[in-house]
Amino acid sequence: MNAPEAEARRLDEADPGHRRLFHVPPADGGRHPEAAYLAGNSLGLAPRATRDELLADLDAWHTRAVEGHVEGERPWLPYHELLTAPAARLVGAEPAETVVMNSLTVNLHLLMVSFYRPHGERTRIVIEDSAFPSDSYAVRSQVRFHGLDPETTVVRMRPRSGEENLRTADVLDYLAREGDKVALVLFGGVNYLTGELMDIPAITAAGRAAGAVVGWDLAHAAGNVPLRLHDWDVDFAAWCSYKYLNSGPGALAGVFVHSRHLGRADLPRFEGWWSTEAQTRFEMAPVSRPPATAEAWQISNPPIFAMGPVRTSLELFDSVGMETLRARSLRLTAYLERLLDEVTESRPLTVVTPRDPQRRGCQLSVRVGTGSASTLAKRLRHDYGVIADAREPDIIRLAPVPLYSSYHDCWRAAEALAATINEELR
Ligand SMILES: *Cc1c(COP(=O)(O)O)cnc(C)c1O
């Protein structure tokens, strides 16, 4: 590869990001001490602040026991409220429209209880063909739950033949033609495999104009691209917090319900004692009084030690700001793209992510035309200390995360990819 390492170092000095706030794992191969970590789209790195904050919550249990519910620096009963406003800012919502709870697929189910209401001819759920498997299984099981046939009721939208990404125009066409049979549109905001950023406002508007409900899985969008869920009129959304939100493996997830649906008595919801308004929760009444907020979708009292890392992470996003992060993300990914163009030119590799920066987040996905992607990812890791992730059969995903990734990480990834493929072809 011709791109000089010194250039990457210079770019890092000029545009350093916030790497020092994170634990970067050691490299287990290559000539650099730290890993070039490009798998933050799979599991984000641990913020340094998380450990102490989590231990402080644990100490409250040691010293206060049951009184910790109502006493201390962060009493547990209203603990989830600490997460609501920063989560709302992150996704462009009003605080009443968001709540942090459960995990992502669980939340998708709870939201579909309310928002997938097939009736008459209007039964279909539209997803993208490359939807994350959990989403595919979730919608198929919801369809079966309503006594319908997933084979005919779940519509999987594919890119045109020979193309890698869905065209917005094709989605809009489908909704204009078949929209009267669609009950729910549920796409990933950023596709987990290709990294394509969907046109959320356009598809939401078209789906709603067709009379469907439009929800978004923002697992790969939250903390990656700026979002304006309220203004875009999205009906509902859900996202996890362990990818770009750096809140730890299996971290609690987020939910958005548009204000026009809050307080609606006609929407079915599953309830528990956390679905009722906080002021009357301990009156032990037999009938709930749900608040006109997204908290009405809560069921159980939340796991405090799982909320701490989400709180710490959201505070970090608040202090840096999503717009600032997006600006750095555009610079970092453009740099990686330039290097990958050089690497892929003479080798059996293709970048499948859209080339328009407005149609992607930070991730670039590369299709590997020789050998297996997972073998390649193992060699990148063990021989070069580059942590990328492979998706069977042939995709390597590289995500330069604007909070902590460096230009030098990108340079190492491109260099290692070129060298590994060269060895394979020799
Ligand atoms: C990561 C991811 C999930 C994971 O689901 P969990 O319920 O958190 O295990 C689901 N959907 C998409 C699109 C994802 O990217």
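Modeller: Let us begin with contacts, where two residues count as touching if heavy atoms of theirs lie within 4.5 Å. Please keep in mind throughout that this is a predicted model.

Colleague: With that cut-off, which residues is Ser136 in contact with, leaving aside its neighbours within four places in sequence?

Modeller: Once those neighbours within four places are left aside, Ser136 is in contact with Ile127, Ala131 and Arg156. Ser136 itself belongs to helix α5, which covers residues 133-145.

Colleague: Is Ser136 buried or exposed?

Modeller: A residue is called buried when its relative accessible area is under 20%. Ser136 has 6% relative accessibility and therefore counts as buried. Gln142, which is also placed in helix α5, counts as buried because its relative accessibility is 6%.

Colleague: How should I read a residue in a strand, and what is Ile125 in contact with beyond its neighbours within four places in sequence?

Modeller: Ile125 sits in strand β5, residues 124-128, and is buried, with a relative accessible area of 0%. Beyond the neighbours within four places in sequence, Ile125 is in contact with Tyr116, Val139, Val143, Thr153, Val154, Val155 and Leu184. For one of these, Val154, the separation from Ile125 is 29 residues in sequence, while the C-alpha atoms are 4.9 Å apart in space.

Colleague: Which way do β5 and β7 pair, parallel or antiparallel?

Modeller: For each pair of strands, one reads the sense, the number of bridges and then a pair of facing residues. β5 and β7 pair in the parallel sense over three bridges, and Val126 stands opposite Val185 in β7. Strand β7, residues 182-188, is mostly covered, with seven of its seven residues buried. β7 is in turn paired with β8 in the parallel sense, over five bridges, with Leu184 opposite Val213 in β8.

Colleague: And how many bridges join β9 to β10?

Modeller: Four bridges join β9 to strand β10 (residues 253-257), and these two strands run antiparallel; the bridge partner of Phe236 in β10 is Val257. With strand β8 (residues 213-217), by contrast in sense, β9 pairs in parallel over three bridges, and there Asp217 has Ala238 in β9 as its bridge partner. Within β9, which spans residues 236-239, Phe236 and Ala238 point one way and Ala237 and Trp239 the other way, yet all are buried.

Colleague: Turning to the ligand, which residues are around it?

Modeller: The shell here consists of Leu104, Thr105, Phe132, Asp135, Asp217, Ala219, His220, Tyr242 and Lys243, and by class it has four nonpolar, two polar and three charged residues. A polar side-chain atom of Asp135 lies 2.6 Å from a nitrogen atom of the ligand, and one of Asp217 lies 3.2 Å from a ligand nitrogen atom. For His220, a polar side-chain atom is 3.2 Å from an oxygen atom of the ligand. Taken alone the ligand exposes 390 Å², of which the protein buries 83%.

Colleague: Finally, what should I look for in the backbone, and which residues does a cis peptide bond join?

Modeller: The backbone angles phi and omega are worth checking residue by residue. A cis peptide bond joins Glu392 and Pro393, with omega at about -5°, and Pro393 lies in the loop between β14 (389-391) and β15 (395-398). Ala65, although not a glycine, has a positive phi of about 45°; Ala65 is found in the loop between α2 (49-64) and α3 (81-91). Asn102, likewise not a glycine, has a positive phi of about 55° and is placed in the loop between β4 (98-101) and α4 (104-115).

Key: Residues numbered from 1 in each chain as written. Predicted model: local features only at pLDDT ≥ 70, side-chain atom pairs only at ≥ 80, totals over all residues. Heavy atoms only, no water. Buried < 20%, exposed > 50% of the residue type's maximum accessible area, 1.4 Å probe, protein only. Near = heavy atom within 4 Å. Polar contact = N/O pair within 3.5 Å; in protein donor to acceptor, adjacent residues only side chain to side chain. Areas by Shrake-Rupley, 256 points an atom, 1.4 Å probe, with all protein chains shown as cover. Nonpolar A, V, L, I, M, F, W, Y, C, P; charged D, E, K, R; others polar. Pairing = 2+ DSSP bridges.
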